[in-house]
Amino acid sequence: MPHGVAHQLIASHLVDGEMTPGEEIALRIDQTLTQDATGTLVMQELESLGLERARTEVSVQYVDHNLLQADEKNAEDHAYLRSAARRFGLWYSQPGNGVSHPTHMQRFGAPGKTMIGSDSHTPACGSLGMLAIGVGGLEVALAITGKPLTIRMPEIWGVELTGELPPWCSAKDVVLEMLRRHGTKGGTNRIIEYHGPALATLTAMDRHVIANMGAELGATTTVFPADDEVRRFLAGEDREDDFTELLAEEGTEYDVTESIDLSELEPLIAQPSSPANVVPVREVAGTPVGQVVIGSSANPGLRDFAIAARMVDGRQTHHGVSFDVNPTSRPILVDLTRWGGTTSLIAAGARIHQSGCMGCIGMGQAPAPGTNSLRTFPRNFPGRSGAGKDDRVWLCSPETAAASALRGEITDPRELAEELGLTWGDLDLPEPTVIPDMLEEPPPEEEAKNEELVKGPNISGLPEFDRFPDSFEVPVLLAVGDDISTDDISPAGAEALPYRSNIPKLAQFAFIRIDPDYPANAEEIKDSTGHAIVGGANYGQGSSREHAAICPRYLGLRVVIAESFARIHWQNLANFGILALEFGDEGERPKIDQGATLSFENVHEQLQQGHEVTGRVDGTEYTFRHQLSDRQVAMVLAGGLIRQLAEGQES
């Protein structure tokens, strides 16, 4: 049977299991990616695991999220991360080098390789014909020690692209169209594989935009073929020798199929407060705008900044708009400047920020209350911007962003182009700049062994957790609705994220946007009963940060019962010994509210014997389901993977 790109990648790295959708498989991992918001925990986990030297082909620690240095905490973490990268044999990318995903794509991405990263947008490197998957930090730590990644074999979702993008539409509109059609759960337990004649019109960096935001669809990952466009990209980075052609075989059949005619697309925009709340720009045109931000891993290429620069060149952005530009890497900023775009942007009123994620993770650039903020970012969950939970963040293409910045209201770029006589098409961009030695190579192993880890006072050790009890009774301390994100559970932003290496302190921010009293209430009973949380559908969507599991666990969380779970967070719960259960029957969720009491008996035996767990809610018997494999059940019962490994059990 002919096979597609995703199937070939999995087959060439399969260590264990059968490639049947839903079955567990183990994959050999070639590369890993960590960034500073999640990497500090990974480095602490490597300490706990007793690693001497990274056993992957390439592992890289980036510093791209928490760049604001309002006090010493972020700089303290940066020093720790550099020392840990040197100690364990990882490459290190210092603050200001750029966002991890496009930077990794430029420097290390290679067709045919597998990569996992402790960031949900790791699939961006699927743009080069890689199998790149976002996971929790602990799984990355294990991969660095040479362990395979165990996941459920996804379905392969073949999306055929035909036609050609019309003027004033770009790659962002392609993935927004996917989100408009399928929502944030449409890709769950699927790999999206793009194919078709239109691929010849999409550059490698265009594909990065689409692969990056496959995470917003809930997909395991996104893959593109490694074709002539990928060869061209790698040649521009002086790495053509890393190119290997990887194409879908003639006659490939997919588990799920889809088709998009690019020529039928129009400028799209995601309204507050979900990436799936997508409408045509023309339907919301005229809405006042107070902020426009261009950059992030979702629109990282030189072209994305250059088209905005061309549109505003010789003009002034609206005086009521804060026009912010986050260059995604040092080389891209250099190239934009050589081309003249930096001057055009600054002259038009842009505020140029340092290269990094910045506003995407709420580290600066928070919009004013009630202000509509248009961003070329991947997410607009409530509060993620660093403002309050009632922020109004919209997601759009650079074309729509620049047009709206000029007018001070949401503007269809096609309408503005007609009015001002703007041209769209070839930007005549310069050849990419390659900055030698931009990243720090790991030292030789003998030298690395003598590297002292630099730990300031804000860096705590990993908490030690007990084994999962066989029988227990806990109160429901929190009941929440659908689509709770990891930003809701463990907030990003300039106030909380500097404590990412200090779990006791960071735990005090858990769920505070939903219930400000949750940390104090949980702390009060964590050593006596512990507690439970009840949720709706798609619980734990968004960022891969394992803080969203480990902080509530530190506060005594035993069990989460929800209608369904997002993939990465579901695995993170198991990694730290939290039981994830699903409602047995539709309609049961409203019957269990905050303040209810849950009780369970003989949980160990129930988990080991099947996929149903019986418990009581205020004395009434309920039957819940779980999706855990035998491997994951053992992990939960041990109190988490780290404890399981410390006790010498099989993982």
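1. Leaving aside neighbours within four places in sequence, Tyr518 is in contact (heavy atoms within 4.5 Å) with Leu477, Leu478, Ala510, Phe511, His531, Ile533, Pro552 and Leu555. This is a predicted model, in which local features need pLDDT of at least 70 and side-chain atom pairs count only at pLDDT 80 or more, while totals for chains, interfaces and linings use all residues. Residues are numbered from 1 along each chain as its sequence is written, and side-chain values use heavy atoms, with hydrogens and water left out.

2. Tyr518 also belongs to the largest nonpolar core, which has 66 residues, and together with Tyr539, Leu579, Ile592, Leu598 and Phe624 it touches the most other members. A nonpolar core is a set of buried Ala, Val, Leu, Ile, Met, Phe, Trp, Tyr and Cys residues joined through side-chain atoms within 4.5 Å, where buried means under 20% relative accessible area with a 1.4 Å probe, protein chains only. Strand 20 (residues 472-479) gives the most to this core, with 6 residues. A second, separate core has 60 residues, among them Val58, Leu67, Tyr80 and Met105.

3. Helix 7 (residues 204-212) has 9 of its 9 residues buried, so it is largely enclosed by the rest of the structure. Helices (H or I, at least four residues) and strands (E, at least two) are DSSP runs, numbered from the N terminus. The buried residues of helix 7 include the charged Asp206 and Arg207 as well as His208 and Asn212, and what covers the buried residues includes helix 4 (100-107), helix 6 (171-182), strand 10 (190-195) and helix 10 (302-312).

4. The axes of helix 2 (residues 36-49) and helix 5 (residues 137-144) come within 9 Å and cross at roughly 50°, which makes helix 2 oblique to helix 5. Axes are lines fitted to C-alpha atoms, for helices over the stretch in contact, with angles from 0 to 180 degrees between N-to-C directions; angles under 35 degrees count as roughly parallel, over 145 as roughly antiparallel, 65 to 115 as roughly perpendicular and the rest as oblique. On the helix 2 side, the contact is made by Val42, Glu45, Leu46 and Leu49.

5. The axes of helix 13 (residues 398-407) and helix 14 (residues 413-420) also come within 9 Å, crossing at roughly 60°, and helix 13 is therefore oblique to helix 14. Helix 14 contributes Pro413, Glu415, Leu416 and Glu419 to this contact.

Notes: Buried < 20%, exposed > 50% of the residue type's maximum accessible area, 1.4 Å probe, protein only.
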